Amino acid sequence: MEVFEEDIKEIINNFDMLVFKDKTVLITGATGLIGKICTLSLLQSDTKVVALVRNREKAQKIFSDDKNLEFLVQDINSPINTDRKVDYIIHCASTTSSSDFVQKPVETIYTALNGTRNVLEFAKRRGKYLEGMVYLSSLEVYGKTENEQIKEEDLGYIDILTPRSSYSEGKRMSETMCISYAQEYNVPVKIARLAQTFGAGVSKDDNRVFAQFAKSVINNENIILHTKGETKRNYCYTTDAVRGIFTILTKGEKNQAYNVANKNTYISIADMAKLLENENTKVVYEIDDKERGYNPTIKICLDSTKLEQLGWSPKIDLPKMFERTIADLKNSGNL
């Protein structure tokens with residue numbers, strides 16, 4: 001069995017999927033990394049899924065024909081064009097490319113705000129029949145903080161006069177929008193603040209740091225660092241993240257945010273690169289001033305105690321995360 005298929009089985013075997021029995025779940029950004037794993041896990045549990053996607057052809061390549069799957073083909077920036085009755089919503093759609101945060105900051109902001117507003121308006125129309133909604137936020141909402149161990153209330157400083165903040169501020173405002181709809185219209189929305197998440201299923205086109213490192217190892221190339229790699233944070237494997245999202249969706253409190261991270265993976269980018277060194281792959285520093293869309297240097301270890309109190313716990317450590325990601329990239333011919 002291939003790694004990605006094993007991961008789907010792991011989710012199903014370690015989360016009580018019966019909670020979704022006879023339910024319908026709307027998933028935005030369903031062809032993205034987290035969205036597709038949520039979708040496939042639910043479909044294999046015989047749950048109906050409405051997958052909001054921009055490209056039907058791409059979606060059909062990812063998902064085989066399934067009587068429980070319905071595509072809703074549209075841009076998230078447009079009002080959701082369906083009267084389909086759904087019980088749960090998982091809002092994954094987002095700009096994720098760091099270069100876009102700098103090169104297309106206006107689009108980054110409007111995708112966050114318009115997209116989230118459209119989902120919330122749909123949720124409002126669903127009214128009392130909607131059992132739960134999760135908005136996927138990010139560790140970037142915390143900005144620069146005084147403490148390294150970060151709980152949900154420990155928000156720090158974000159420089160709003162930097163275009164790179166388009167993503168962070170977009171996520172912050174979207175969270176406030178979620179809580180506002182919950183307060184004013186009783187939308188049962190909860191927030192999942194994800195650490196950087198990766199694993200089997202990562203696209204060959206993904207250019208985030210973990211993907212660059214994994215591809216360097218596979219290609220027997222050196223890992224090139226363009227900074228000192230001092231940013232320090234923790235991570236989360238995809239299966240752990242999806243179980244966390246399902247837990248928040250079904251057990252979390254409305255109006256609350258939950259960190260989703262493996263606190264035991266706290267490491268600097270430089271040390272993470274060194275973790276992957278072998279006889280064919282070495283860490284090489286080529287520091288320059290080129291604008292690459294990198295986040296300012298931060299040290300953030302998300303504390304997931306609040307989520308753990310709902311019964312969730314992470315299972316995959318950092319070496320295993322890379323092992324499974326690299327194996328999947330090799331097996332799937334994703335390079």
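This is a predicted model: local features need pLDDT of at least 70, side-chain atom pairs count only at pLDDT 80 or more; totals for chains, interfaces and linings use all residues.
**A sheet, its strands and its helices: group meeting talk**

Arg193 is buried, with a relative accessible area of 6%. Arg193 belongs to strand 7, which covers residues 189–194. Its side chain makes a polar contact of 2.7 Å with the side chain of Glu175.

In which order do the strands of the open sheet stand? Its seven strands follow the order 3-2-1-4-5-7-11, and the pairing is parallel. Strand 3 (69–73) and strand 11 (257–260) stand at the edges with a single partner strand each, so one side of each has no neighbour in the sheet. From one strand to the next, the twist averages 20°.

As an example of the pairing, consider strand 4 (residues 88–91) and strand 5 (residues 132–138), which pair in the parallel sense over four bridges. Here Ile89 stands opposite Met133 in strand 5. Helix 5 (residues 105–126) packs on the sheet, where it touches strand 1 (24–28), strand 4 and strand 5. The direction of helix 5 makes about 180° with that of strand 4.

Strand 6 (residues 149–150) pairs with strand 14 in the parallel sense over two bridges, and Gln149 stands opposite Cys301 in strand 14. Strand 10 also pairs with strand 14 in the parallel sense over two bridges. In that pairing, Arg233 stands opposite Ile300.

I move now to the helices. Two packed helices are described by the angle between their axes and the distance between the axes. Helix 1 and helix 11 pack at an angle of about 130°, with their axes 9 Å apart. Helix 1 is therefore oblique to helix 11. Helix 1 contributes Val3, Phe4, Glu6 and Asp7 to the contact, while helix 11 contributes Arg324, Ala327, Asp328 and Asn331. By class, this contact has three nonpolar, one polar and four charged residues.

Asp7, in helix 1 (residues 3–14), is buried, with a relative accessible area of 5%. The side chains of Asp7 and Arg324 are joined by a polar contact of 3.0 Å. Setting aside residues up to four places away in sequence, Asp7 touches Ala200, Tyr237, Thr238, Thr239 and Arg324.

What of helix 7, residues 209–218: how many of its 10 residues are buried? Nine are, so helix 7 is largely enclosed by the rest of the structure. Among the buried residues are Phe210, Phe213, Lys215 and Ile218. Their cover includes strand 8 (196–198), strand 9 (223–225), strand 10 (232–237), helix 9 (269–275) and helix 11 (318–331). Just after helix 7, Asn220 takes a positive phi of about 55°.

I close with a residue in another setting. Along the chain, Asn264 and Asn234 are 30 residues apart, yet their C-alpha atoms are separated by 7.3 Å.

Terms used: Residues are numbered from 1 along each chain as its sequence is written. Side-chain values use heavy atoms; hydrogens and water are left out. Buried means under 20% relative accessible area, exposed over 50%, partly exposed in between (1.4 Å probe, protein chains only). Contact means heavy atoms within 4.5 Å. A polar contact is a pair of N or O atoms within 3.5 Å; within protein, one must be able to donate a hydrogen and the other to accept it, and residues adjacent in sequence count only if both atoms are side-chain atoms. Two strands pair if DSSP finds at least two bridges between them. Axes are lines fitted to C-alpha atoms, for helices over the stretch in contact, and angles run from 0 to 180 degrees between N-to-C directions. Angles under 35 degrees count as roughly parallel, over 145 as roughly antiparallel, 65 to 115 as roughly perpendicular and the rest as oblique. Ala, Val, Leu, Ile, Met, Phe, Trp, Tyr, Cys and Pro count as nonpolar, Asp, Glu, Lys and Arg as charged, and the others, Gly among them, as polar.
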